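Trainee: I have a new model open and would like to go through it with you, if you have a moment.
Mentor: Gladly, so let us look at the structure together and take your questions in turn.

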Amino acid sequence: MPDTSASGRDERARTRKRAKPPATARGASRSKVGLALAGGGPLGGIYEVGALLALADSLDGLDFNDLDVYVGVSSGGFVAAALANGISPAQMYRLFIDDGVDAALKPDLFLKPAFAEFGRCLAALPGLAARATLQYLRDPFHRGVIESFATLAKAIPTGMFDNTAIDAFLARLFAAPGRSNDFRTLPRKLFLVATNLDTGNSVTFGPHQHAHVPISRAIQASSALPGLFPPVVIEGEHYVDGALNKTLHASVALDEGVTLLLCVNPLVPFDASAAIHRGPLTVDKLNQGGLPLVLGQAFRAIIHSRMHVGMEKYRRQYPDATILLFEPDREDPDMFFANILSYRQRKRLCAMAFAKTRQNLVARARTMASVLRQHGIAIRHDRLVDPARTVAAALNDPRPLRADSAHQNVRDTKRELRHTLDQLERAVASAR
């Protein structure tokens, strides 16, 4: 029978006291930390990798491969899924941005013509042309013209490039040992958001909904920007880019009980009036750049204003959560006029994102330091004040072990081991 005497109760109390785990940098109740990444095409993914490199290099006590919740939209889904699969920001730089032997993501992956879509449209063209001709002949001077053009418009491809290559590439990437292309076996919570084309509603792929859909397929759906890529068919439903409804979908992470949410939004409207003071621009006025620049600026303005309205709403709905947003400068022409198909420009844009995020941390250090401290995270001021700190330094720096707690030692050991494996991968690839 259990000992109910006073001495027995005292002994059990002493045992519970001895068994209590040591306090960690985050306290006895560890903060739930999440990451929400917006879209922005390949350019957005490049910016997010640079920003994450800067945050990982400048924040102590934060491991981007060991967060509680990841939310990705469009190109942000690439980065979020890679992080949830244990691929570090440094590895992503070498896989997606660097032009060295490790580079696996080439520009032509996004530029394969959508032959299947073209074939579908060509097959439908004779029947559509015959119907359009009859419509025109019925009323050649009034409604017939409009109706015939509307009919012929159905022969226009819904996308110019084939995004099935993206699914295949990511399926191979997540098939490596220690990774998973299955939401159900992924050790961390990952949510990817797409838009159902027929209903206009947002659909979240993750551990709670549509968990059987492969992660690579969900990313393909979330990044299917209308006009560039055809809609992705999953179980009879057509899906397109997840940013059509919301920019960040941060509420997905906040609903999971996240108390610290880091957000990265790579697309902001370009302020040409302010940028011209930095030096001459490619064009004096954006309308001189033609339709692509005009549409690009309109798209950025819409999603940015919508996102800030959403951020204010999140702060009201989740008053106990800390939300930190990182964005580029509005007057930076590099982010607006960049050619993301150039590897040289990719590296330069990533370096710019790295530097901009460091500047953001410096400017907000006084207020941000106390907020982050509540979640067991410290700002590395010694690195932020170092003007020579570059992407190369962030790629090659394993963090030293700290002895503040057993829990943190384990986390740091994992981080150092991951860095060692990174270096080994590079050495093996170079030897080959």
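Mentor: Leaving aside its neighbours within four places in sequence, Arg380 is in contact (heavy atoms within 4.5 Å) with Asp57, Ser58 and Asp60. This is a predicted model, where local features need pLDDT of at least 70 and side-chain atom pairs count only at pLDDT 80 or more, while totals for chains, interfaces and linings use all residues. Residues are numbered from 1 along each chain as its sequence is written, and side-chain values use heavy atoms, with hydrogens and water left out.

Trainee: Where does Arg380 lie, between which elements?
Mentor: Arg380 lies in the loop between strand β10 (378-379) and helix α14 (381-384), where helices (H or I, at least four residues) and strands (E, at least two) are DSSP runs numbered from the N terminus.

Trainee: And is Arg380 buried or exposed?
Mentor: Arg380 is buried, because its relative accessible area is 18%; buried means under 20%, exposed over 50% and partly exposed in between, with a 1.4 Å probe and protein chains only.

Trainee: Changing topic, what does β7 pair with?
Mentor: Strand β7 (residues 237-240) pairs antiparallel with β4 (residues 189-196) over 2 bridges, and 3 bridges join β7 to β6 (residues 232-234), again in the antiparallel sense. Two strands pair if DSSP finds at least two bridges between them.

Trainee: Which residues are bridge partners there?
Mentor: Thr195 has Val240 of β7 as its bridge partner, and Ile234 has Glu237 of β7. The hairpin of β6 and β7 has 2 residues between the strands, and Glu235 takes a positive phi near 55° in that hairpin.

Trainee: Which residues touch the most other members of the largest nonpolar core?
Mentor: Of its 79 residues, those are Leu35, Leu53, Phe64, Leu190, Phe205 and Ile215, and helix α13 (residues 343-373) gives the most to this core, with 10 residues. A nonpolar core is a set of buried Ala, Val, Leu, Ile, Met, Phe, Trp, Tyr and Cys residues joined through side-chain atoms within 4.5 Å.

Trainee: How many disulfides does the structure hold?
Mentor: The structure holds 0 disulfides, a disulfide being a pair of cysteine sulfur atoms within 2.5 Å.

Trainee: What about Cys263 and Cys350, buried or exposed?
Mentor: Cys263 counts as buried because its relative accessibility is 0%, and Cys350 counts as buried at 0% as well.
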